[in-house]
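Subject: A structure for you, with some notes

Hi,

Here is the structure I promised to pass on.

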Amino acid sequence: MKHFFFFLLFCEASLLSAQTFSFKEPASTDTVGYSKMVVVYQYVCKTLDENDLPVSDSLLIALQIGDEMWKSFPYGRYQKQQDSKFNPLDCMYLEAMMHVPTIFIDNVNRKIIAREAISATCFESEEKKPNYNWSLSADNANVLDYECQNASCNFHGKEWHVLFSEEIPVSAGPWKLGGLPGLIMKAEDEDGTHSFEAVQIFMEEAPITFERYYMVKHFTLQGDLVKRYDFVKKSPKQMISLRKSVFGHKNYPNDPMLFVAPGGYSEFRYGDTYDVNIINGVVVPTTAHKFQPLEN
């Protein structure tokens with residue numbers, strides 16, 4: 001009955017602490033759609049810390065699902081959209097540590113737009129939405145009490161194994177994954193380095209926003225200074241190469257600041273859990289973990 005009611009709802013819908021931070025803030029934001037459902041995933045990345053000791057990093061990811069547009073991004077940023085007083089510093093630290101992009105899936109124009117920060121610069125890449133070549137199996141399992149079926153495919157150089165549920169009839173999923181006849185509830189790459197699992201699903205109509213550029217308000221001895229920053233456009237192949245050259249460098253885990261170009265406006269902030277560098281409004285960790293790419 002729970003699942004039938006959820007299906008009816010979906011079908012009907014388809015008819016920082018008190019301190020001031022100089023984080024980047026959208027200056028020109030478009031509403032590119034409206035969500036009808038939000039899925040919260042637990043994203044876990046197994047890696048090594050700066051001392052080569054095993055560690056598992058974890059971050060909640062929000063997936064806004066609308067008719068024409070889906071948006072996958074850190075849950076802390078979703079909370080910030082809902083409540084302007086929410087302090088996203090800890091979330092932004094983990095976002096930088098785990099190299100989590102913001103992904104827009106444009107189902108009308110069949111394209112994927114990815115945005116991410118590398119060494120205090122925000123980049124944007126665009127690619128065609130792929131035709132996923134999923135192989136289905138007869139194996140079943142339950143996630144959040146929804147009956148799911150197994151599927152697997154090779155996507156961007158990794159073999160992915162997922163559980164999807166046709167009880168939630170939308171072909172979306174975390175990150176860039178999708179293309180199945182039901183919501184992807186759980187996904188894991190072949191060696192278990194990366195995994196996503198749905199931990200909460202709720203119906204919500206809310207704007208899906210897209211920044212055309214962003215502004216950063218810097219606080220200087222001479223007074224407040226506001227600067228505009230544009231997203232630097234790169235191809236997906238260029239982004240893969242750039243991630244490897246920066247995040248994959250042997251010295252990166254011990255000193256991520258080595259890869260930040262000199263100049264710019266720098267701050268150091270103490271968060272509730274983590275301490276961070278903020279360069280031109282972008283969080284850069286003080287130390288990092290070994291880079292584990294989501295795609296090759």
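Predicted model: local features only at pLDDT ≥ 70, side-chain atom pairs only at ≥ 80, totals over all residues.

Residues are numbered from 1 along each chain as its sequence is written, and side-chain values use heavy atoms, with hydrogens and water left out.

Let me start with the rings. The structure holds 13 aromatic pairs (rings of Phe, Tyr and Trp, the last by its six-membered ring, with centres within 6.5 Å; planes under 30 degrees apart are stacked, over 60 edge-to-face, the rest tilted). Tyr 78 and Phe 202 make a tilted pair, because their centres are 6.5 Å apart and their planes stand at 50°. Tyr 78 belongs to helix H2 (residues 75–82) and Phe 202 to strand E11 (residues 194–220), so this pair ties together parts 124 residues apart in sequence. Helices (H or I, at least four residues) and strands (E, at least two) are DSSP runs, numbered from the N terminus. Tyr 78 is buried, at 4% relative accessible area (buried is under 20%, exposed over 50%, partly exposed in between, with a 1.4 Å probe and protein chains only). Phe 247 and Tyr 252 pair edge-to-face, at 5.3 Å centre to centre and 70° between the planes, and both residues are buried. Ring pairs also link Tyr 43, Tyr 132, Trp 134, Phe 155, Trp 160, Trp 175 and Phe 196 into a cluster.

Arg 115 has its charged end over Phe 210, 4.0 Å from the ring centre, and Arg 228 lies over the face of Tyr 213 at 3.7 Å.

Helix H3 (residues 89–98) is mostly covered, with 9 of its 10 residues buried; among them are Cys 91, Tyr 93 and Glu 95. His 99 follows H3 and has a positive phi, near 60°.

His 99 comes up again at the largest cavity: with Pro 101, Glu 116, Arg 243 and Leu 294, His 99 is among the closest to the centre of the 15 lining residues. That lining has 8 nonpolar, 3 polar and 4 charged residues (Ala, Val, Leu, Ile, Met, Phe, Trp, Tyr, Cys and Pro are nonpolar, Asp, Glu, Lys and Arg charged, the others, Gly among them, polar). On a 1 Å grid over the protein atoms alone, a cavity is a set of points where a 1.4 Å probe fits but cannot get out, and lining residues have an atom within 4 Å of a point.

Best wishes

Key:
1 Å grid on protein atoms, 1.4 Å probe; cavity = no way out; pocket = protein on both sides within 12 Å on 5 of 7 lines; lining within 4 Å. Lys NZ or Arg CZ within 6 Å of the ring centre and 35° of its normal.
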